[in-house]
Amino acid sequence: MTTDDLRPHLNREHVLDLLARMIRVRRFEDKCAELYTQQKIRGFLHLYDGEEAVAAGVIPLLGADDRLVATYREHGHALVRGVPMDGIMAEMFGKANGCAGGRGGSMHLFSKDHNFHGGNAIVGGGLPLAVGLGLGDKMNRENRVTACFFGDGAVAEGEFHESLNLAALWDLPVLFVCENNGYAMGTALKYTEAETDIHAKAQTYNIQAEMVDGMDVIAVEAATRRALKSIRETGKPYFLECRTYRFRAHSMFDAQLYRTKEEIAAWRDKGPILRFQGWLESNGLIEHGDVERILADADAEIADAVAFAEAGEWEPVEELTRHVMAEERPAPPTLPEPSAETEEITYREAVKRGIVDAMEKDERVFLMGEDVGHYGGCYAVSKGLLDQFGPDRIRDTPLSESGFTGAGIGAALTGLRPIVEVMTVNFSLLALDQIMNTAATFRHMSNGQFGVPVVIRMATGAGKQLAAQHSHSLEGWYGHIPGLRVLTPATLEDARGMLQTALDDPDPVLIFENVMLYNMTGNLPVNAGPVDIDKAVVRREGSDVSLITYGGSLFKTLEAAEELGKDGIGAEVVDLRTLRPLDIETVVASVSKTHRAVFVDEGWKTGSISAEIGMQLAENAFFELDAPFERICSVEVPIPYAAHLEQAAIPQVSRIVAAARKACNRS
């Protein structure tokens, strides 16, 4: 880009294009407001009225291969990006011919063809995603820029700071565009931010940043040209604070009691369209007939879009569950007969072997997380891998779970296969927004346009005297969320093989590794490889009672089964292995044979995965049960520190044996 390219070319063709883009967005928004009052558009409707200069000044300068992440006020972004207006309008109606099949609505417009990665209804939630897209493109050596739009309210979110830090730390090609309209919903910026110069916050992360008049489309365009030149030359992020104003309410539900009519009127007098059009007319760059033509063209296109939406079909209810998970998945791996030759290995080493095998097989695979590189991870799983694969593929992160998890999700959207390590399950709650609101929903909200093939590993469980904030078993919570696959490997074969299979899966996979298993030693066949992640496994045959469990409780349950065998009770042990989706068929088959069931779960009883198993047995095998379903869960207290209290809080062999005897009337 030359110095001449940094200046907008204010010839007649260009200024007419800028004016037409802004008017087109404004007229579309006006029509949407009208349709909302007619109840043809529902839900939250956040209009872009007044902010058009930002989209018109930034987005046309992006290349077709560049990416865009927007907010819930994204109609203007989508229109200027080139997403067809009829598809946008149909989406806002909720019709199947919408740009997201009617699954996303006003706040979640998507278009893979336009590298439009969606509007995000979580304030600040798109920032880590944009960082991940930039990371993926950098690792793929793609010459792309990701533009991320967000409002001033997002700067109070932790994800804002985590994302800027990561982008600066890793020199990522991200253009951050803050549309500062002065209000975070209904609260003025001066009441929420100690530092109201938002671009100054970006500068503290060593990001080149500037403030621009967001009501002046030429000023926005000129700043964007400078920003893109900098990003493409340096590969580093750039930050634009565009000071603008929304003329309409935060949403159509908003009574706007927090600002005066006089304030709104004063801003309207310097609105971007009025201001630019007046300047063009006073300088003889356009004629009155030009504006009439622009208005007529916009209104005609809008009328066609409304007709398209009106004529569109509703998605059949029978297709409600489409695109929750990918419809096409790799076939389950073919498992060879286990080799007679084995090696003694720990669970920790088995997980590490899975990572190494995957990274040697596929250059798209990389590991990221806290301390995974120089330290080797909290549980030393990745020790030595930094030397083997280098800092790009064994990537240490800051202590910013939401930021780096979101970055992993974004990188997965670029075709990479990230393994995100979260130190412990309790810390994953800091990333719950990214896991639940982005990874788990992206495929469905985008109508199958975008999948998120990310693997997220974390330690879970109690037994090491780490107290309440490091010791809980929350995998059952994640098993509640559609769009995720939840794995709980217990054996050495699963510890090594589930990871490899998960990396081939087109959807997000969470792997929970129980802390008490890392030092477990056993013999692993030398030909061990990928394993099926869809099916439960019967680990011990029996005919009197089914002991159903997963993860860290498996070996306690097997020990309990041996104890029961001494009393002549044949206990069958079913290892669920996968909590979502549940292989209930294997469970029902076992219970249909034994007619008694005990579930062992380190989670709490209330609202637990054990409750789900019990209910599904009631629904699918009620008449097969000859005794009430028994549950052995953690006592409903935060996990204590003291060893004797910790052990009393979680399932133990004696409790499992007692429950099984009770089910078999042997107590």
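Which residues are linked with Arg26 in a network of salt bridges? Asp30, Asp49, Glu52, Arg248 and Arg268 are, in this predicted model. Local features here need pLDDT of at least 70 and side-chain atom pairs count only at pLDDT 80 or more, while totals for chains, interfaces and linings use all residues. Numbering runs from 1 along each chain as its sequence is written, and side-chain values use heavy atoms, with hydrogens and water left out.

**View 1. Arg27 pairs with Asp299.** This is a salt bridge (a side-chain nitrogen of Lys or Arg within 4 Å of a carboxyl oxygen of Asp or Glu), and the closest N and O atoms sit 2.7 Å apart. Arg27 is in helix H1 (residues 12-37) and Asp299 in helix H11 (residues 288-311), 272 residues apart. Helices (H or I, at least four residues) and strands (E, at least two) are DSSP runs, numbered from the N terminus. Arg27 is partly exposed at 31% relative accessible area, and Asp299 is partly exposed at 33%. Buried means under 20%, exposed over 50%, partly exposed in between (1.4 Å probe, protein chains only).

**View 2. Asp534 meets Arg329.** Their closest N and O atoms are 3.0 Å apart. Asp534 lies in the loop between strands S16 (521-525) and S17 (537-540), and Arg329 in the loop between H11 and strand S9 (342-346), so the pair ties together parts 205 residues apart in sequence. Asp534 is partly exposed at 22%, as is Arg329 at 28%.

**View 3. Arg457 bridges to Glu513.** Here the closest N and O atoms are 2.7 Å apart. Strand S13 (residues 455-460) holds Arg457 and strand S15 (residues 509-514) holds Glu513, so parts 56 residues apart in sequence are tied together. Arg457 is buried at 2% relative accessibility, and Glu513 is buried at 3%.
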